[in-house]
Amino acid sequence: MIKNTPLNELYDILIVGGGPVGSYCAYLAKEKGLKILLIEATSKTGGQPLHLFGHKMITDYPSYQSILGSELIEHINKQLESSNPNILLNTTLLDFKEDKGTFICKLNNNSEIYTKNIIFAIGNGIFQPNLLKIPIDNKSNIDYIPKNYEFYKNKRIIVLGGGDSAVDWTINIARNVSSCDISIIHRRDEFRANGENVKHLYQFKNINVYLNYSCVEIKKNCLKIIENTTKKIKYVNYDNILVQYGQKINNTDFKFLTQFNTNKFNQFIVNKNQMTNVPNIYAVGNCCFYESRPNMIITGHGEASIAVNDILQKIKNYEEHKIT
């Protein structure tokens with residue numbers, strides 16, 4: 001989804017964060033004729049529903065009685081792609097300064113972009129996976145975010161981890177892709193996941209369970225593991241590894257946050273138009289705060305429409321581009 005995005009142009013909006021709220025915000029603004037750039041800190045748009053609970057059902061999203069987090073993100077990403085937006089992945093905003101109504105924004109790739117407005121949609125922060133820290137000769141087939149089920153057909157998959165995400169993704173892949181062979185490897189002698197889900201692991205013939213094993217090294221698509229008690233060594237061949245060691249939040253790059261009015265949870269305090277105390281800078285989704293705000297994805301979508309609408313009033317003829 002990386003576009004050949006020109007960095008020396010003046011954008012109407014820089015949208016920071018490619019979760020479900022930032023992605024919808026980018027789609028809506030682009031559909032309304034605004035020139036936008038969306039930057040996302042990770043390698044894929046999707047945010048928290050993809051990174052943290054892609055395997056769990058969302059039951060409070062309109063038009064769906066229930067839907068998997070990963071499936072909802074697929075729909076949102078398809079909508080986003082339909083508008084052909086400018087997107088930069090693996091990209092963060094390091095700093096910005098205002099000059100005569102234009103924000104000069106410094107990105108982590110040593111480039112600068114220029115924009116009239118900024119919309120923060122960073123949710124609870126930048127989620128970064130806890131990495132697999134062993135000698136690896138080829139990292140190209142090691143993932144930290146699950147792919148769509150089609151990808152796993154007729155492949156040997158290793159899932160690393162023992163929590164809910166590791167167990168749930170193992171079950172979901174096995175259930176939806178009967179042709180794959182899955183090994184789940186955990187360094188402890190029991191899983192930390194929901195007990196009922198752990199029971200389901202042993203009901204699938206295409207799931208191999210390795211408990212009390214530690215990873216040693218990877219060479220030529222072969223993972224070397226060692227049993228922690230007996231020190232017995234095994235070799236597990238694979239086509240793809242899915243690491244599910246959990247996520248950590250990293251907000252250390254956001255040094256510029258000190259100039260904003262925030263609450264005790266570091267959420268931006270916004271007005272009725274979703275604008276922060278800094279003119280022409282907005283916040284939507286879980287990163288913003290106002291009294292009695294519901295913590296729901298659909299709330300963030302509404303906030304995105306309010307912010308985009310406010311920007312439209314300043315840039316274009318409001319009556320022609322009014323959001324209804």
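**Note on buried charges, salt bridges and asparagines in loops**

1. Glu 303 is buried, with a relative accessible area of 1% (buried is under 20%, exposed over 50%, partly exposed in between; 1.4 Å probe, protein chains only). The model is a predicted one, in which local features need pLDDT of at least 70 and side-chain atom pairs pLDDT 80 or more, while totals for chains, interfaces and linings use all residues. Residues are numbered from 1 along each chain as its sequence is written, and side-chain values use heavy atoms, with hydrogens and water left out.

2. Glu 303 sits in helix 6 (helices are DSSP runs of H or I of at least four residues, strands runs of E of at least two, numbered from the N terminus). The side chain of Glu 303 has a partner in Arg 293: the two form a salt bridge at 2.7 Å, N to O (a side-chain nitrogen of Lys or Arg within 4 Å of a carboxyl oxygen of Asp or Glu). This pair links distant parts of the chain, with Arg 293 in the loop between strand 21 (288–289) and helix 6, and Glu 303 in helix 6, 10 residues apart. Arg 293 and Glu 303 are both buried. The Glu 303 side chain also reaches the backbone nitrogen of Gly 285, at 2.8 Å.

3. Glu 40 lies in the loop between strand 2 (36–39) and helix 2. Glu 40 is buried yet has no salt bridge, and the nearest side chain of opposite charge is that of Lys 44, 11 Å away (Lys and Arg count as positive, Asp and Glu as negative; His and the chain ends are not counted). What the Glu 40 side chain does make is a polar contact with the side chain of Thr 42, at 2.6 Å (N or O atoms within 3.5 Å; within protein, one able to donate a hydrogen and the other to accept it, with residues adjacent in sequence counted only if both atoms are side-chain atoms).

4. Seven salt bridges are present in the structure. One of them joins the side chains of Asp 143 and Lys 147, with an N to O distance of 3.8 Å. Asp 143 counts as buried at 12% relative accessibility, whereas Lys 147 is partly exposed at 33%. In another, Glu 150 pairs with Lys 153, with the closest N and O atoms 3.3 Å apart. Here Glu 150 is exposed, at 53% relative accessible area, and Lys 153 is partly exposed, at 41%.

5. Asn 154, in the loop between strand 10 (142–143) and strand 11 (156–160), has a positive phi of about 60 degrees although it is not a glycine. Asn 154 is exposed, with 64% relative accessibility. Asn 266 is located in the loop between strand 18 (247–250) and strand 19. Asn 266, also not a glycine, has a positive phi of about 65 degrees and is exposed at 58% relative accessibility.

6. A further asparagine, Asn 277, belongs to the loop between strand 19 (268–269) and strand 20 (281–283). Its relative accessible area of 35% makes Asn 277 partly exposed.

7. Last, a glutamate in helix 3 (residues 69–82): Glu 74. Glu 74 is partly exposed, at 40% relative accessible area. From the C-alpha atom of Glu 74 to that of Pro 20 is 10.0 Å, the two residues being 54 apart along the chain.
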